[in-house]
Amino acid sequence: MQLHKFLIATISFGAIIFKTSAQTNTKITVRADQIGAAIQPAMWGVFFEDINMGADGGLYAELIKNRSFEFFKPMMGWKILGKPLTEGDFLIMNRQKMDTANPRFLHVTLHNNTKGSIGLNNEGFRGMGIKNNNGYDFSVNYRQASPSIKMHVELVNEKGENIGGTTITSTSSDEWKKVTASFTATATVQKASLNIWFEGDGAIDLDMISLFPKDTWKGRPGGMRADMIQLLADMKPGFIRFPGGCIVEGVDLSNRYQWKKTIGPVDQRQLIINRWNFEFAHRPTPDYFQTFGLGFFEYFQLAEDIGAEPLPILNAGMACQFNSAELIPLSQLDPYVQDALDLIEFANGDATTAWGKIRAGMGHPAPFNLKMLGVGNENWGPQYIERLKIFTKAIKAKYPNIKLVNSSGTDPNGARFDYLNSALRSMNADIIDEHYYRKPEWFLQNASRYDNYDRNSSKIFAGEYAAHSDKSQQATTKNNLEAAIAEAAFMTGLERNADVVMMASYAPLFANAEAWQWSPDLIWVDNLTIYGTPDYYVQKLYSLNKGTNVVPATMDGKAIAGQDSLYVSAVIDKNTSDVIIKLVNAGGIAINKTITITSIKKLAASAALNLLKSGSVTDVNSFATPEAVSPVTSSVPLKGKELNVVLPAHSFSVYRIAITK
Ligand code: AHR
């Protein structure tokens, strides 16, 4: 053996011996008979933001990019097919005075054109994912003074071959009309595109050119991608926070999220640039805009669909402090505060109220039962507190039962955090939103973060977090096992402190594999497929095994937060009469442990185990191997009230044991 190899082998062996011998033989005790803090039904939720093409090009199932020609470059995403006969056969027109939300349209002039001579092509969002035998709804708003013009609509594959289509014969009309036609695709294609060939003579105006699959979530026309919602629904999230994130703030105040502009007819929802379009020089996304086809009504509806509490976050009169840091003067904050009051009425008011009536008119007469509202995302400084006080006073005066979520800034420590933490607590803030994007080590070291928080002060929303395996290399940061295990370990601390931590959500939620700006993310999609990361499975395991009350899990009488690389929390579920024990082995050596479960009643003869592990900490899931790192279920026998567990290296185990008579 060469000397250096010998040394490495000896050192590694020594390390193993050291690690093994450093493990204590101490048993773990779970006191299922000492029922502790109640776990909020909404404890484990999801954070949605239109980042990484999460909405347009993602959840919102529209396949046409720039359907209303409102992108900064009006023909972005579009190509003219064939050769226009004269200059000006395709013109972008602007009717600013008559339609400020959607001023542009396309004016096309034909000269006795035959099918296939002149047309338009839309490339979709990195292509269009089309499924064989699936139905598609094409629609267009048009206006046409001259007699009939035909529009031959065809989906084509990468080779330009037809994979389904329809023909629309427009009738002359001086008014704008919407026409819809459906067809079935004849092939599955990852990157299809759409052609519209014109036939006839005269001129036609076109706007809101749209193509949706029929198989949207709940089959809603113009709805959302069903596979993406399904992964959320499978988690049974306790809440959904929307619409972000930094898009709430905007790079400047004109770019902030304004919920009132996201409801009502989709062609009246004014498009704005998505701030993630240009935020990162290493990930420019020039075709990233917010059409708001997915707006506040749809977010509320989505929350209801998946049984999650809605948690909207509103702008606090401050643009992103990393960008323009624009502020609304305190004397001019009223419209912002009014937006918050109106939103509560939109969500909860009956149909006799102004905003409740609008909600009812959109097809939801029943209230959405909003209980929480966020004011400000990642805002900091006295400027935030000043504005927040005005919001809080007005909201609490009218809606005392609405819990307000307040920002503690961008980081979980430091001067800004300390200032906000103390200012918010002196205001008796209901819920403080803490964010942490940190290395895996931070998550391990902070599993006890909340053990010493004041039990009688504001509650915590761990609103955005993710372990970044390499934060210095954001473009290559992967959702690997190491990150997922670190998060699982940290979450034992959230669960153990359920009397302080009300809610938690990983962030960001979705990423389009070809159009992302921020990595890691919980769920990745391409045009046709989707996969959950190892972090997704951690979130899901927590959410599906939430329980109703914390019970003590100790080793040597202490909470287990890093001893022997172990992190443990336990709950009971009063509804199902189960004890649920979550164990994370964050170390590189398997651990055998005996768990004694004290219970005044008998326990079942075996425990159901969900085990998340993999061969290497760098293992990831992918489109090709979507479940490479995912939980495997099995059954493990108990000996009376003792459970012997084997905790593989870098693993997360969830044991569920029924309490019998
Ligand atoms: O989750 C991505 C971004 O991280 C959010 O928009 C922002 O709140 C945080 O800085």
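Residues are numbered from 1 along each chain as its sequence is written. Because the model is predicted, local features need pLDDT of at least 70 and side-chain atom pairs count only at pLDDT 80 or more, while totals for chains, interfaces and linings use all residues; side-chain values use heavy atoms, with hydrogens and water left out.

Let us begin with the ligand. Which residues are around the ligand? They are Phe 47, Glu 49, Gly 245, Cys 246, Trp 276, Asn 377, Glu 378, Tyr 437, Glu 464, Pro 508 and Trp 518, where a residue counts if one of its heavy atoms lies within 4 Å. This shell divides into six nonpolar, two polar and three charged residues. In that grouping, Ala, Val, Leu, Ile, Met, Phe, Trp, Tyr, Cys and Pro are nonpolar, Asp, Glu, Lys and Arg are charged, and the others, Gly among them, are polar.

I turn to polar contacts, which are pairs of N or O atoms within 3.5 Å. A side-chain N or O atom of Glu 49 is 2.5 Å from an oxygen atom of the ligand. For Glu 378, the side chain again provides the N or O atom, 2.7 Å from a ligand oxygen. In Cys 246 a backbone N or O atom is involved, at 2.8 Å from an oxygen atom of the ligand. The ligand taken alone exposes 280 Å², and the protein buries 95% of that, by the Shrake-Rupley method with a 1.4 Å probe.

Next, the salt bridges. Side chains of opposite charge can pair when their charged atoms come close. The rule requires a side-chain nitrogen of Lys or Arg within 4 Å of a carboxyl oxygen of Asp or Glu, and the count comes to 28. In one of them, Asp 207 meets Arg 95 at 2.3 Å, N to O. Asp 207 lies in strand β11 and Arg 95 in the loop between β4 and β5, so the pair ties together parts that are 112 residues apart in sequence. Strands here are DSSP runs (E, at least two residues), numbered from the N terminus.

Finally, the backbone. Most residues other than glycine have a negative phi, and most peptide bonds are trans. Ala 507 and Pro 508, however, are joined by a cis peptide bond, with omega about -15°. Pro 508, one of the residues around the ligand, is in the loop between β20 and β21.

Note on methods:
Polar contact = N/O pair within 3.5 Å; in protein donor to acceptor, adjacent residues only side chain to side chain. Helix = DSSP H or I, 4+ residues; strand = E, 2+ residues; numbered from the N terminus.
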